[in-house]
Amino acid sequence: MNTEVQVLYFAKSAELAGLKSETIAVPEELTSQQLWQELENRHPRLSAVREQVVLAVRQEYVVLAFISVMNDHDNGPQDLIKLTHDKLSADAASEAVLCASCGAVSLFIGTTRNNFEGKKVVQLEYEAYVPMAESQLKKIFSEIRERWSTVRHICVHHRLGVVPVTEASVIIAISSPHRSESLQAVAYCIEALKASVPIWKKEVYETEDSTWKGNKECLWAESVLK
């Protein structure tokens, strides 16, 4: 059985949700984590503040107050990684790297295209060895900071599972004081990701056949086979 819940948004959470309040129907037995996921599904930009928002419950889910307690990103560089089966949000990724001292946020969005070598692609499917993927991404972030010392925040969101045509499979966002550093760093990041991060891709075609694809740049796979 569902019950109606009034949700009140304040400060940064109101800006990201684009409204001050709303009423939603949710199951009576619902954890705060499940509730947050429901709100994030409705407003994907809220994912940028998932760890920085307080859920205040009043009268057992009659009123929910969102109180933003966002930290100042200028306190230090942030390295942000998310491997998820959920739909990706460009707004959430770019919001995550915003910084008062930076004048540039560069963004790369890799999407599913509908064709490959004359075959019609209907969707992609991604699989990852998550611990190794996260570890390798951290190495890439370190390499970026060695090459471009002014880079401030780095964010990589990669989708797993099924990714339909036109939807994003990977989003990279990097901030820096000037555009040249963040643009170069984003280009480096996607090439390094494809070359060294253990994420596999399957192309599913209209003809109902499919192919697991290895990146031509996939150096980690070559080293494993040797």
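Start by selecting E203: this residue is buried, with a relative accessible area of 4% (buried means under 20% relative accessible area, exposed over 50%, partly exposed in between, with a 1.4 Å probe and protein chains only). E203 sits in strand β12, residues 199-205. Helices (H or I, at least four residues) and strands (E, at least two) are DSSP runs, numbered from the N terminus.

You are looking at a predicted model, where local features need pLDDT of at least 70 and side-chain atom pairs count only at pLDDT 80 or more, while totals for chains, interfaces and linings use all residues. Residues are numbered from 1 along each chain as its sequence is written, and side-chain values use heavy atoms, with hydrogens and water left out.

To see where the helices touch, select Q136, L137, I140, F141, E143, I144 and R147 of α4, then A185, Y188, C189, A192, L193 and S196 of α5. Contact means heavy atoms within 4.5 Å.

Now move to helix α2, residues 32-42, and pick out L35, W36, L39 and E40, which are buried. Look down the axis of α2: these buried residues fall within an arc of 135°, so they line one face of the helix. The arc is that of the directions from the helix axis to the C-beta atoms.

For a contrast, where does K20 lie? Find K20 in the loop between α1 (11-17) and β2 (21-27). K20 is exposed, with a relative accessible area of 58%. Leaving aside neighbours within four places in sequence, K20 is in contact with V7, L8, Y9 and A14. The C-alpha atoms of K20 and V7 are separated by 8.4 Å, with the two residues 13 apart along the chain.

Finally, zoom out to the whole chain, which has six helices and 13 strands. Buried residues make up 41% of its 226 residues.
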